[in-house]
Amino acid sequence: GWKRGSSFLPGIDVTDTKLSTSAFLLLHQARAERFFRSDHTNNWAVLVCTSRFWFNYRHVANTLSVYRSVKRLGIPDSHIVLMLADDMACNHRNPKPATVFSHKNMELNVYGDDVEVDYRGYEVTVENFLRVLTGRLPPSTPRSKRLLSDDHSNILIYLTGHGGNGFLKFQDSEEISNVELADAFEQMWQKRRYNELLFIIDTCQGASMYERFYSPNLMALASSQVGEDSLSHQPDLAIGVHLMDRYTFYLLEFLEDIHPASQANMNDLFKVCPKSQCVSTPGHRTDLFQRDPGSVLITDFFGSVRKVEITMETINLTPHTETALAYVDQLPVAQIIHQKPKQKDWHPPDGFILGLWTLILLVFFRTYGIKHLKHIF
Amino acid sequence: MAAPLTLLVIVAVTIRAVLFRSSLAELISERVEVVSPLNSWKRVVEGLALLDLGVSPYSGDVFHETPLTIYLYHFVIDYAEIVCMIADGITAVALYLAVQVYNKNVFRKQKYALEADRYPHDCLELMQTPKELFYVPLKVAMFYLLSPFTILSCVAKSTCGINNAIVALFVLCTIKGSALLSAIFLALATYQSIYPITLFAPALIYLLQRLYIPVNLRRQSFWLFTLQYAFMFVGSLVVIVGLSFFLLGSWDYIPSVYGFILSVPDLTPNIGLFWYFFAEMFEHFRLFFICVFQINVFFYTIPLSIKLKDHPVFLMFMQIAIISIFKSYPTVGDIALYMAFLPVWSHLYRFLRNIFMVSCVLLACSALFPVLWHLWIYAGSANSNFYYAITLLFNVGQVLLVSDYFYAYLRREHHLSHGLYLKKKDGSEATLVLK
């Protein structure tokens, strides 16, 4: 189908007049139906680096290398929310300004000329991250800072930084817990903000961050299990810091071999960085995911390619009634649109009013005498 | 003296109206010294909004008003400013009338005592002249209406104004001598916040005095009247509590209102003594210290009533002052109420020993409250200890003020029975001390 980015219909040559028109149409119809039945029409990526200070250079390099990969595979900047907590390229201590390298000896500059950072520096906070995910941003937020996903979006979320058992540290001053993250994803699910979500985290004890997920269609990968540290890869003696973390380094190597038409699936991704290379044991979680990971392409999350075929034929599609998943408490559309509750004013019960005023009248007449009665009636 | 009172009311209303229209109104309604979780108007609006949405207003820790006040506010929520001004007006007029009647009684008693020649001859300068007694009610109304504390409390639309109105009406009914109305207003005041129950003793003593029943525990007439009054009070309290149940159909309000007042869960800083102490209290000891702090309010009633059993109105003043100082969430509105009574005891001025220091302390602390709050919360260069120091000092100043007036009152009474120039047994000059 079109979403797989193939540039031709295998086995069918449109100029082959020997094939009958009806079979041709049937095939188109099947492909079109498969496309419109699939729940995935667009891709988003949220890439977050949560550490600041020069010695956390590798976290920025991690995030930028994933950014580079998803951009190369087709996700445009308008669909990427890039959050970097510190500026390494223009840091005073960077001996090679305007560059961020992922390989030593300056082999690969992941910063490039066209990096668009959406949240920078102190804007990278737990609150902003959760607001981006759930969409609850103030009205003045520009589009580049919003995750404008819908229920057909596949979202890639990549987090890196310093973490621990059940938390991830932001900016050296606050933390996001795995419970908060799981609840944010549940909010996203209930607000139909994603179709499928791939969560990758490269921190120490990263597997603890996906332990608490409970929403459907989430797949998670982590660079280390609980109790293990994720280690960095190699220092560059000219720059003076470690350039990348091991997991993301091998992830980058893996992704460099992926091209937009690649058929590599998630099972290959799970094999990235075995213990011999990573020292820590990467983990993954697929129990919440509906499809079998072997049938999920890497480009379903890392890429976003549209190949458009123009045809002059009309294709009839049958309406699709069965839904694979039902959303919780699904309301009819009319109610969703007009969901403000009707304001009914509260009124005190009649018995109360009656009782109160009877008492007041009784006290009045008891105090001031019954003679006032004749003035009233 | 209707004309000066009317003029006073008009001036007071003008000041409040001007402040309502200015930008200070927003600022003042946020100040913690003026509003507490119990009487903040914002919470009332929130609670009524919850009620409109069909949720009990007591769910969550937002709303701590009683159901009868829900009924009242339900009608006047759009006219909050006018209602606050009217409440202040009612309080002022009630205090005016009460003090007028009281002064008439005082003057009458003084006249009879003078005619019966019961005062020593050198005490004539201690007598209260009709002229000063004539102007005292107006001064009381002025002290209440034009006091900056009252104005702040009104501009913040704090419900303290309405509580003060109920207490003032209770004082008026007691001094006028109507036992039923006094019991009803006392029940209302107790229903609003628990502490006015301590005013039962002075009201009882005053009504007994009025009916010429001696306060003697062995007499049957004393117990008869006490039981009558207690029955009226408890009966009206029960009726009011039952009626509140019928408003919302549940007993939710009891833990939300009375549980909140007694167990002090909210430790927002205010001008009281509870917040700082309980912010650092270990859970293990919390109940004990809550009891200790709360007993402080009720503890002074019996000893003071024994000492002041011939002077119930002064006892009422002292009890209101003690409530305002030691209650769990005091605000400046509570202080304004007992300060309104000070002109009634202006004849004690010559016996007050610390009045200069007390007034300096109170003025300085009132000025320092916003300063140290700003330094603590906004500038970050102070901490809660600074603010609590000022709170402590303010309360010490208030306690000193009240005890000073107590001393002066008792000293005057002593002089009236023993002569103005006291001599020890050997003839040298003696001084009185309050032990």
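Within helix α14 of chain B, the buried residues (under 20% relative accessible area, with exposed over 50% and partly exposed in between, for a 1.4 Å probe and protein chains only) are B:Arg286, B:Ile290, B:Phe293, B:Gln294 and B:Val297. An α-helix has 3.6 residues a turn, so residues three or four places apart point the same way. These buried residues of α14(B) pack against α12 (253–263), α13 (274–279), α15 (301–307) and α16 (312–326) of chain B. Helix α14 itself covers residues 283–299, 17 residues, and reaches 24 Å from its first C-alpha to its last. That span is close to the 24 Å expected at 1.5 Å a residue, where the expectation is 1.5 Å times one less than the number of residues.

The model is predicted, so local features need pLDDT of at least 70 and side-chain atom pairs count only at pLDDT 80 or more, while totals for chains, interfaces and linings use all residues. Residues are numbered from 1 along each chain as its sequence is written, chains are lettered from A and ligands numbered from 1 in the order in which they are written, and side-chain values use heavy atoms, with hydrogens and water left out.

Chain B as a whole has 19 helices and zero strands, taken as DSSP runs numbered from the N terminus (helices H or I, at least four residues; strands E, at least two). Of its 435 residues, 53% count as buried. Among contacts (heavy atoms within 4.5 Å) in chain B between residues at least 6 apart in sequence, 76% join residues at least 24 apart.

Turning to chain A, A:Asp202 is found in strand β8 (residues 196–202) and is buried, with a relative accessible area of 0%. Its contacts, not counting residues up to four places away in sequence, include A:Asn62, A:Tyr158, A:Ser223, A:Asp245 and A:Thr248. A:Asp202 and A:Asp245 lie 43 residues apart in sequence and 7.9 Å apart in space, C-alpha to C-alpha.

Both chains meet at the largest pocket, whose lining draws at least two residues from each of α10 (350–368) of chain A and α4 (67–76), α5 (80–115), α8 (160–176), α9 (179–192) and α11 (220–248) of chain B. Helix α10(A) gives the most to this lining, with nine residues.
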